[in-house]
Amino acid sequence: MSCSTWSTSSPLSLKSRSHSSSCRSKRILLCNPRASSVITDKAPSSDFPRLILHDSLDAAGINTRHARASREDFCSQIGRLTELNAESSIAISRGADLAKVALLIAAEDDSLASHSLVPLPVGSFIDNLDDLSMGFCSTYLPRSSAPPEIFLSNLERYLYVHKGFHRMDTALDARSLYLHSTLTSRSGSLIMLSLIYSEVLKMLRIIGFLNFDAEIYCPDILQKSLPRGYDKKKSKISDEPHIMTSKSLLVKILKDLKDAFWPFQYDSSRSLFLRAVHGKYAQHTGSFKFGDMHRALAACERLILLNADKKELRDYAVLLYRCGYYEDCIKYLTLFEEQETEIQTNPINKLEDEAVQILKTRVNLILAHNGWSNYQNS
């Protein structure tokens, strides 16, 4: 997938700062963050705001057929996540097909970035994962009596030495954040390598070659080590914080993309939200870090659909503000405040709460001005 980004100077001014009634009637994807189910292909309810990305691009004459198809399949997959299997380890991987979800995320982003008439071949990359598992069986599978340590050592030698999978600094190449690119280049983020490891374990369990309770140790992001397997029966309590669950993996994938494509100037002292409220659009610097509004919006929308964190409502709202969707922005800010009931004591959180009020004031002034202008012109 090409990682060329879009100019962020007029991202969704694609909508020409207005939204036609025809766009309102189109199919859009919605999710009530207070419910566990995903709602698709229904008109917006009176109490939940719409998600605007695909309709806005359509209104600008950009074909979103492949992006919409990928999003609908994404919703279908995450709809299989129950409270129980969402918190199960990726080594078990119940409910959603995690590899397929990751590839559907990549497929939507590929369509948004390239506008290709040909969709990303999700099925072919699923086949690549299956072939990867079969390759282990034909070359590195130990005898059936081998202890778990030997089995896992052989698997890691196969993945990291024979196949050459290795970690890539995500600040250097955005492709490391996508599963299809990691499978192609053998270079990926920690989260992508963890996903590949889990998918191989899943296939080996299905075909009957994995007969012990394997778990994956996912190291801290600051560590340079690779994902490793271990026999859960011999694990320690200290290993538990390093266990990645199905939902936490998907949230991490999307938050990594959101951070990578956030279209505002980088500032390590500020959160993404504060950078969007107070900062300027990022400039071209020769790396993907200058942002991509379309893919940032897509990541936010999918995090909302996944019911990841109430702060995603707020972060999505500030992107809507930057794109000129002021009424939608206010709705999402209101929804965020309805769920934000905790008294903040953390200094960063206090700054963010103040910024929410600043943003609301700005948007209400704009809406009041627009309303007065419309009244004068009527």
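Visitor: Among contacts in the protein chain between residues at least 6 apart in sequence, what percentage join residues at least 24 apart?

Guide: The share is 67%, where contact means heavy atoms within 4.5 Å. The model is predicted, so to speak of local features requires pLDDT of at least 70, side-chain atom pairs count only at pLDDT 80 or more, and totals for chains, interfaces and linings use all residues. Residues are numbered from 1 along each chain as its sequence is written, and side-chain values use heavy atoms, with hydrogens and water left out.

Visitor: How many helices and strands does the protein chain have, and what makes a run count as one?

Guide: The protein chain has 15 helices and 6 strands. They are DSSP runs, numbered from the N terminus: helices are H or I with at least four residues, strands are E with at least two.

Visitor: What percentage of the residues of the protein chain count as buried?

Guide: Of 378 residues, 51% are in that class. Buried means under 20% relative accessible area, exposed over 50%, and partly exposed in between, with a 1.4 Å probe and protein chains only.

Visitor: Why are α6 and α7 called oblique to each other?

Guide: The axes of α6 (residues 122–139) and α7 (residues 148–162) come within 10 Å and cross at roughly 120 degrees. Axes are lines fitted to C-alpha atoms, for helices over the stretch in contact, and angles run from 0 to 180 degrees between N-to-C directions. Angles under 35 degrees count as roughly parallel, over 145 as roughly antiparallel, 65 to 115 as roughly perpendicular and the rest as oblique. The pair α6 and α7 is therefore oblique.

Visitor: Which residues bring α6 and α7 together, and how do they divide by class?

Guide: From α6 come Asp131, Leu132, Gly135, Phe136 and Thr139, which meet Phe151, Asn154, Leu155, Tyr158 and Leu159 of α7. This contact has 6 nonpolar, 3 polar and 1 charged residues. Ala, Val, Leu, Ile, Met, Phe, Trp, Tyr, Cys and Pro count as nonpolar, Asp, Glu, Lys and Arg as charged, and the others, Gly among them, as polar.

Visitor: What makes α5 roughly parallel to α10?

Guide: The axes of α5 (residues 98–114) and α10 (residues 246–261) come within 11 Å and cross at roughly 20 degrees. That angle makes the two helices roughly parallel. Their contact is made by Leu98, Val101, Ala102, Ile105 and Asp109 of α5 and Ser246, Leu250, Ile253, Leu254 and Leu257 of α10. These residues divide into 8 nonpolar, 1 polar and 1 charged.

Visitor: Why is α10 called roughly antiparallel to α12?

Guide: The axes of α10 and α12 (residues 293–305) come within 8 Å and cross at roughly 155 degrees. The value therefore makes α10 roughly antiparallel to α12. Residues in the contact include Val251, Leu254 and Phe261 of α10 and Ala296, Ala299 and Leu303 of α12. By class, the contact has 8 nonpolar, no polar and 4 charged residues.

Visitor: Why does Met244 count as buried?

Guide: Met244 has 16% relative accessibility and therefore counts as buried. Met244 lies in the loop between β6 and α10. Residues touched by Met244 include Ser88, Ile90, Ile191 and Leu249. Met244 and Ile90 are 154 residues apart in sequence and 6.0 Å apart in space, C-alpha to C-alpha.

Visitor: Why does His115 count as partly exposed?

Guide: The relative accessibility of His115 is 30%, so His115 counts as partly exposed. His115 has a positive phi of about 55 degrees although it is not a glycine, and is placed in the loop between α5 and α6.

How values were computed:
Lists of a residue's contacts leave out its neighbours within four places in sequence.
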